[in-house]
Amino acid sequence: LAHFASKGEVDISFLSSLKGTKFWDGVLASSVLCPSCATDVTVLVVLERLLPCALVEGAPLPDGSGKKLTYRINGHLAFWVTLLLLEVAWPSIITLPEGEEKVVFGRAPLTLLYDYYAELALCTIGLSFLLSFYLYFTSFAQSKLLAKGGNTGYATYDFFMGRELNPRSLNNTFDWKEFCELRPGLMGWMILNLAMMQKQYDNLGYVTGSMILINIFQGVYVWDALYQEKAILTTMDITTDGFGFMLVFGDLAWVPFTYSLQSRYLVDYDPHLSLPALLLILITNMA
């Protein structure tokens, strides 16, 4: 998909070039980037742990006990803190005229997300498998509440659908499913869009109307989801579905790297729409 977005058309001739060392070079690059992806998720976990939060109870558990799990709701604040960190707190090393090296903080080089788009996508797929295996095997511990749809006894199906309903860590206070549903994927999607906008600016010297509208429309969607974070607690994903590969892959890989394909395409193939066309799209979106 990343290749098609870069080419601007469906073209499978590139498959022949993936033979031999070029393919494995891509796999190696992805493996090198995996610690960076894991670090990004870890930063979001730290923000979830440290930022002020509201403690909100979810829906009653389906086991008939009437028990409700408590969730730390601070995704909206984490959204703005993440943007702030990307703008002013990215560390880099510069060499002073005297030859001395110094660490400075500033804007993150987001255009690297465009340069390593496919490799990062492959990396997040790998991390999705690792997390899914962890969740599957830990679901066999005693006293775990299992999801009806993921407790069939067929290992492949249960791995895909998710055995445990609400997998938790950190003394049962960190909810994996609620965290992954909103933070890494949705924030990653918006950050990828911002990276594509920066890349287009570097290429053209300006940002086109189409790119601006995509960043506004999809950015508002992400912001609203995190602003209304409590609303997710009554959705089927939280109350009914197990947390297996289907949701893990969807949250961490599918959402950010599929939904950002529009902005990636516009980096190289912007249609340069007229002002009336842009206004019509804006009105249609707001209607």
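1. A word on terms before we look inside. On a 1 Å grid over the protein atoms alone, a cavity is a set of points where a 1.4 Å probe fits but cannot get out, while a pocket is an open set with protein on both sides within 12 Å along at least five of seven lines; lining residues have an atom within 4 Å of a point. The second largest cavity is lined by Glu48, Thr70, Tyr71, Arg72, Arg168, Thr173, Phe174, Asp175, Glu178 and Phe179. Its space comes to about 40 Å³, where a volume is the space filled by probe spheres set on the points, and grid points are joined across faces, edges and corners.

2. Please keep the origin of the model in mind. This is a predicted model, in which local features need pLDDT of at least 70 and side-chain atom pairs count only at pLDDT 80 or more, whereas totals for chains, interfaces and linings use all residues. Residues are numbered from 1 along each chain as its sequence is written, and side-chain values use heavy atoms, with hydrogens and water left out.

3. Back to that second cavity. By class, its lining has 3 nonpolar, 2 polar and 5 charged residues (Ala, Val, Leu, Ile, Met, Phe, Trp, Tyr, Cys and Pro count as nonpolar, Asp, Glu, Lys and Arg as charged, and the others, Gly among them, as polar). Strand E2, strand E6 (174-175) and helix H7 each supply at least two of the lining residues, and E2 gives the most, with 3. Helices (H or I, at least four residues) and strands (E, at least two) are DSSP runs, numbered from the N terminus.

4. Two of these lining residues also turn up in a charged network: Glu48, Arg49 and Arg72 are linked by salt bridges. A salt bridge is a side-chain nitrogen of Lys or Arg within 4 Å of a carboxyl oxygen of Asp or Glu. Between Glu48 and Arg49 the closest N and O atoms are 2.7 Å apart. Glu48 is buried, at 5% relative accessible area, and Arg49 is partly exposed, at 24%; buried means under 20%, exposed over 50%, and partly exposed in between (1.4 Å probe, protein chains only).

5. The structure holds 7 salt bridges, and two others deserve a look. Glu229 and Arg183 meet at 3.0 Å, N to O. Glu229 lies in the loop between helix H9 (209-227) and H10, and Arg183 in the loop between H7 and H8, so this pair ties together parts that are 46 residues apart in sequence. Glu229 is buried at 1%, and Arg183 is buried at 1% too. In the other bridge, Asp115 pairs with Lys199, with the closest N and O atoms 3.3 Å apart. Asp115 sits in helix H4 and Lys199 in helix H8, so the two tie together parts that are 84 residues apart in sequence. Asp115 is partly exposed at 39%, while Lys199 counts as buried at 17%.

6. How many cavities of 30 Å³ or more are there? The count comes to 2. About 70 Å³ of space lies in the largest cavity, and its lining divides into 9 nonpolar, 3 polar and no charged residues. Among the lining residues are Gly58, Pro60, Leu165, Asn166 and Ile238. Strand E1 (54-60), strand E2 (68-73) and helix H10 (236-239) each supply at least two, with the largest share, 3 residues, coming from E1.

7. Now the largest pocket, which holds about 1,200 Å³ of space. It is lined by 39 residues, and Ser36, Cys37, Thr39, Asp40 and Val41 lie nearest its centre. Helix H2 gives the most to the lining, with 11 residues. Other elements that each supply at least two include helix H3 (75-88), strand E3 (90-95) and helix H5 (117-138). The lining has 31 nonpolar, 7 polar and 1 charged residues.

8. Phe129 lies in helix H5 and is partly exposed at 35%.

9. A backbone point to finish. Most residues other than glycine have a negative phi. Leu170 has a positive phi near 55°, and Asn172 has one of about 65°. Leu170 is in the loop between strand E5 (168-169) and E6, and Asn172 is in the loop between E5 and E6 as well. Leu170 is partly exposed at 46%, and Asn172 at 45%.
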